[in-house]
Amino acid sequence: MGMQRGRRTLGRPRLLIVGCGDVGLRIVARVHRRFRLLALTSSPERVAALRAAGAVPIVGNLDDRASLRRLRGLAPWLIHLAPPPNSGRTDPRTRRLAAALAGRAQRRVYISTTGVYGDHGGAWIDETSRLAPANERAVRRIDAEVAMRAAGASVLRVPGIYAHDRLPLDRLRAGTPALRDEDDVHTNHIHADDLARVSLAALFRGAPGRVYNAVDDSQLKMGEYFDLVADRFGLPRPPRLPREQLKAAVSPMMYSFMTESRRLRNQRLRTELLVRLRYPTVAAALTA
């Protein structure tokens, strides 16, 4: 029986997940019986958790080119979720990974961010809209997209990820203010479970070099999102402030997310990746 199980495992296609955090583990949970799953981690302390989840841990570091040599030819399928470095205008981590896997992977997916679009004043946009990165974080993501698309990857542009354990409850309990409605920005969302499903849909059906907005159908301003969560959990809604007052009340990082307003269309998600979202809106997820 053990030998038969081993043969079944070895006969499965191999999928490498790079950056196997929360969303990566949700992917593992969905397909651990379909693939032989490999997970690259730079943290030896995560090896046991990855193995328990059903993945084969591979210890390596995207900042160390030599540690990536063992990846060559290891897995023909790839989902890349690891973020760029915290500084600079390029993503050398992704470029090292692409070089290590050069010519080997058959199907590749890169998880990027909708931050590459920058501010569009609340207008509706799609994957063909101009990129207007407002900070170096987004510039680094564009660099990574260029490298991965050149390597034949499909790219998912992902907005704010939420789940039952990824909600701004601490922020609400702390009474952190939000923008008043006339100053507020439109935001976009995706449930973590749906993102795992979209990632796999892109792996199976995504076109090489093609970009997809991995967003749900919600049409919310940021303050409305906070109000929905607060109401669902019986917490006070955040106080609302004019933009200049709020800028002085929150961190520069938090404020940067309050300077970009856009509404993203997800037609490609539905018509090309054939995804039917389990949680089409934040309100539906909170009700569930």
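Phe35 is buried in this predicted model, with a relative accessible area of 2%; buried denotes under 20% relative accessible area, exposed over 50% and partly exposed in between, computed with a 1.4 Å probe on protein chains only. Residues are numbered from 1 along each chain as its sequence is written, and side-chain values use heavy atoms, without hydrogens and water. Because the model is predicted, local features need pLDDT of at least 70 and side-chain atom pairs count only at pLDDT 80 or more, whereas totals for chains, interfaces and linings use all residues.

Rings of Phe, Tyr and Trp (its six-membered ring) were paired if their centres lie within 6.5 Å, with planes under 30 degrees apart taken as stacked, over 60 as edge-to-face and the rest as tilted. By this rule there are four aromatic pairs. The ring centres of Phe35 and Trp77 are 5.3 Å apart and the planes stand at 65 degrees, so this pair is edge-to-face. Phe35 is in the loop between helix H2 (22-31) and strand S2 (36-41), and Trp77 is in strand S4 (residues 77-80), so the pair ties together parts 42 residues apart in sequence. Helices (H or I, at least four residues) and strands (E, at least two) are DSSP runs numbered from the N terminus. Trp77, like Phe35, is buried. With Phe204 the ring of Phe35 has a centre distance of 6.1 Å and a plane angle of 15 degrees, so that pair is stacked. It links the loop between H2 and S2 to helix H7 (residues 192-205), which holds Phe204, across 169 residues. Phe204 is partly exposed, at 30% relative accessibility. Phe35, Trp77 and Phe204 form one aromatic cluster.

The largest nonpolar core has 33 residues, of which Leu15, Ile27, Ile79, Leu156 and Leu273 touch the most other members. Such a core is a set of buried Ala, Val, Leu, Ile, Met, Phe, Trp, Tyr and Cys residues joined through side-chain atoms within 4.5 Å. Strand S1 (14-18), H2, S2, S4, S5, strand S7 (154-158) and H7 each give two or more residues to this core; H7 gives the most, with seven. A second, separate core of 23 residues includes Tyr162, Ala178, Tyr255 and Ala285.

Ser112 lies in strand S5 (residues 107-113) and is buried, with a relative accessible area of 4%. The side chains of Ser112 and Glu145 are joined by a polar contact of 2.7 Å, the term denoting a pair of N or O atoms within 3.5 Å; within protein, one must be able to donate a hydrogen and the other to accept it, and residues adjacent in sequence count only if both atoms are side-chain atoms.
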